[in-house]
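This report describes the fold of a single protein chain.

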Amino acid sequence: MTQEHEVAELTERWQRAAADVENTRKWAERQSARQRQEERIAISTAWLPVLDNLDLALRHGDADPRTIVEGVEGVREQALAVLAGFGFTPFGEVGEPFDPVRHEAAEVVRDSDAPPGTVVRVLRPGYGDGERLLRPAVVAVSAPLLLGDRENGPDGE
C-alpha cells in the first residue's frame, strides 16, 4: 500500500467519522426539540382544567360572592395540585427560620415575640421541589428591637 493510498483511506475514514458526528448532532437536536414539545404539551394539558374552571367562574360573575370565593378557592387548589403533580410544592411558613436561598425578605419587622431571623409573615409563597427553586418565598422577617424600644413600647410612647 502506497503512502498516497493510505492518506486517501485515512481522509475517507475521517470524512465518514465527521459526517457521523454531524448526523448524530442533528439527531440529538431533533430528539431534544421533540422532547421539549412533548413536555410543553403535557404541561399545557395539565393546566387546561384550571383555565376551564376560571372561565366558568367568569361566566358566573353575578353570582353570590361567597359562591365565587368558594369557586376561586377550588380553582386555587386545582392549580396547586397541577404544580404538585410536576413535583413543585409551596413553601414559606410563619415561624420558620429565614433562609436567603429560599426566602426573599421584603420587610423587616421589629417584633419582640419572634426570635430575630424568623419569618413572621408570608407575602407570597415560594415554590420548589427540594432541589430546584421555581421562585423564592417573599416574606417579612423579624429583627431585634432597637435600643430603647422595650421601654417605649410598640408605639414608641
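## Helix pair

Helices H1 and H2 are roughly antiparallel to each other, because an angle over 145 degrees counts as such. In this predicted model, the axes of H1 (residues 3–59) and H2 (residues 65–85) cross at roughly 170° and come within 9 Å.

The meeting residues can be named on both sides. H1 contributes Ala46, Trp47, Pro49, Val50, Asn53 and Leu54, and these meet Val75, Gln78, Ala79, Val82 and Leu83 of H2.

## Overall architecture

Three helices and six strands make up the secondary structure of the chain. Along the sequence, the pattern reads α-α-β-β-β-β-β-β-α. The radius of gyration is 29 Å, whereas the globule rule gives 15 Å for 157 residues, so the chain is more spread out than a compact globule.

The C-alpha atoms fill a box of roughly 100 × 50 × 20 Å along the principal axes. Of the 157 residues, 16% are buried. The chain exposes about 11,900 Å², and carbon and sulfur atoms supply 56% of that area. Among contacts between residues at least 6 apart in sequence, 60% join residues at least 24 apart.

Strand S6 covers residues 137–143, and seven of its seven residues are buried, so S6 is largely enclosed by the rest of the structure. In a regular strand, side chains alternate between the two faces of the sheet. Both faces of S6 are covered: one side carries the buried residues Ala137, Val139, Val141 and Ala143, and the other carries Val138, Ala140 and Ser142, which are buried as well.

Strand S2 (residues 103–110) runs parallel to S6 and is joined to S6 by seven bridges. Within this pairing, Glu104 has Val138 as its bridge partner in S6. Strand S3 (residues 119–124) pairs with S6 in the antiparallel sense over four bridges. Here Arg124 stands opposite Val138 of S6.

## The three-stranded sheet

Strands S1, S4 and S5 form an open sheet in the order S1-S4-S5, with antiparallel pairing. Its edge strands are S1 (89–91) and S5 (133–135), each of which pairs on one side only. On average, neighbouring strands of this sheet are turned by 35° against each other, direction ignored.

S1 pairs with S4 (residues 126–128) in the antiparallel sense over three bridges. In this pairing, Tyr127 of S4 is the bridge partner of Pro90.

Methods: Residues numbered from 1 in each chain as written. Predicted model: local features only at pLDDT ≥ 70, side-chain atom pairs only at ≥ 80, totals over all residues. Heavy atoms only, no water. Pairing = 2+ DSSP bridges. Helix = DSSP H or I, 4+ residues; strand = E, 2+ residues; numbered from the N terminus. Axes fitted to C-alpha atoms, helices over the stretch in contact; angles between N-to-C directions. Rg over C-alpha atoms; globule rule 2.2 N^0.38 Å. Buried < 20%, exposed > 50% of the residue type's maximum accessible area, 1.4 Å probe, protein only. Contact = heavy atoms within 4.5 Å. Areas by Shrake-Rupley, 256 points an atom, 1.4 Å probe, with all protein chains shown as cover. Parallel < 35°, antiparallel > 145°, perpendicular 65-115°, else oblique.
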